[in-house]
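Please examine the sequence and the structure shown below. The paragraphs that follow lead through the packing of helices, the cores and selected residues.

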Amino acid sequence: MKGLIYQLKSVRKDKFCIMSFLLPVVAAIVLNISGSVDLSSLGEYYFGVSAHNTAPELESWLERYGSVTVWQTREELIAAINEPSTNLIGVEMEGNGIRTILSGDELTIWQQAAAGLGALYEQREVAAQTSVQILERPDILAGYQNIFVAMTLVVAMFMGCTFNAMNIISEKEDGVAFINEILPMSPKEYIVQKIFIGFMFGCLSAVVTVAICLSLPPAQAAVMLVLIVLSTFVSALAGLFVGRISDGLMAGVVYIKIVMIVFMAVPLLKYLAVTEGSILSYICFLIPSSAAFEGIMDLANGGMETAGKALVILAVHCVVWFLIYVLMSIRQKKHA
């Protein structure tokens, strides 16, 4: 118990670990806020006209398709169009029609709109007689929200790796590791002492993230909790391996970054690019975060079948990696 209290006190001194645990929570808050922000204005067209070369009816017609800004002189209009940070479409009268002015650095969709604006203006009387049905604008982030949430949860659940690895590395540099080798402490007691804090804070970070991002019914919430526990346990074990093979702080940071990149990249690439049921998809399950990611996506979409398979795969990872580390610790203890 005293060892666990000592590990808990060391968390206060490690700002990197505190930031790692809080980062997924902050990301979850941002995702939750961004889901309620109206991004429809990003797809709106912006037109610019000069006060001395436009008619009131042209300005009214353009307002049907986007925002219109009136500039006092043509020179001011040209300067606004050439501004690199804008996608402004300049419009001016030309006989009975109009012509558009572009700087050339606009996005393709704005260039296409400008190319067809003149023909649309010529047929404005015919177009005015056409009935228009305005459909509900879809949410831009709707198709990606669950992916962002799943990746944030993967980061939260696998953050326990960071604390455990950095804790072991700091003990090596301070000489505490030599003391641990001669203490009357079994390998299992050492593993529990080293894994508990990273596991506990990883679970806490993931639970808070789920509470912010997802609203799950009781049955799915229970499955999600088990998924969090298993995933965080595997992460904490990974931290023990990283701390064991790292010779110093810089090497440890590099290994942690590699592990986190693998944990994040493999499930995302599997979900987006790998065919389900292929050999490569099964190979991806060698990385435990792949199962966790699929389980989260299944629960976020209201399913339970894939989540059950993910729990079995994560349980196997927990048992296998725990036994490997115990055997390695016993062997090291005998040699010492």
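**Helix packing and cores**

Helices H7 and H12 pack at an angle of about 150 degrees, and their axes lie 10 Å apart. Axes here are lines fitted to C-alpha atoms, for helices over the stretch in contact, and angles run from 0 to 180 degrees between N-to-C directions. H7 and H12 are therefore roughly antiparallel to each other, a term used for angles over 145 degrees. On the H7 side the contact involves Ile147, Met151, Val154 and Val155, and on the H12 side Phe263, Met264, Leu268, Tyr271 and Leu272. Contact means heavy atoms within 4.5 Å.

The model is a predicted one, in which local features need pLDDT of at least 70 and side-chain atom pairs count only at pLDDT 80 or more, while totals for chains, interfaces and linings use all residues. Residues are numbered from 1 along each chain as its sequence is written, and side-chain values use heavy atoms, with hydrogens and water left out.

The protein chain contains 15 helices and four strands; these are DSSP runs numbered from the N terminus, helices being H or I with at least four residues and strands E with at least two. Of its 336 residues, 40% count as buried, that is, under 20% relative accessible area with a 1.4 Å probe, protein chains only.

The largest nonpolar core has 48 residues, and those with the most contacts inside it are Leu153, Met157, Met224, Leu227 and Ile296. Such a core is a set of buried Ala, Val, Leu, Ile, Met, Phe, Trp, Tyr and Cys residues joined through side-chain atoms within 4.5 Å. Helices that each supply at least two residues of this core include H2 (15–34), H10 (187–213) and H14 (288–300). H7 gives the most to this core, with nine residues. Neighbours within four places in sequence aside, Ile296 is in contact with Ala150, Leu153, Val154, Met157, Met224 and Leu227. A second, separate core of 13 residues includes Phe47, Trp61, Ile98 and Ala114.

In helix H4 (residues 74–82), the residues Leu77, Ala80 and Ile81 are buried. They lie on the same side of H4, because they cover an arc of only 100 degrees around the axis; the arc is that of the directions from the helix axis to the C-beta atoms. The buried residues of H4 pack against strands E1 (45–50), E2 (66–71), E3 (89–94) and E4 (97–101).

Finally, Ser205 is found in helix H10. Ser205 counts as buried because its relative accessibility is 4%. Leaving aside neighbours within four places in sequence, Ser205 is in contact with Phe21, Pro24, Val25 and Ala156.

Definitions and conventions
Buried means under 20% relative accessible area, exposed over 50%, partly exposed in between (1.4 Å probe, protein chains only). Angles under 35 degrees count as roughly parallel, over 145 as roughly antiparallel, 65 to 115 as roughly perpendicular and the rest as oblique.
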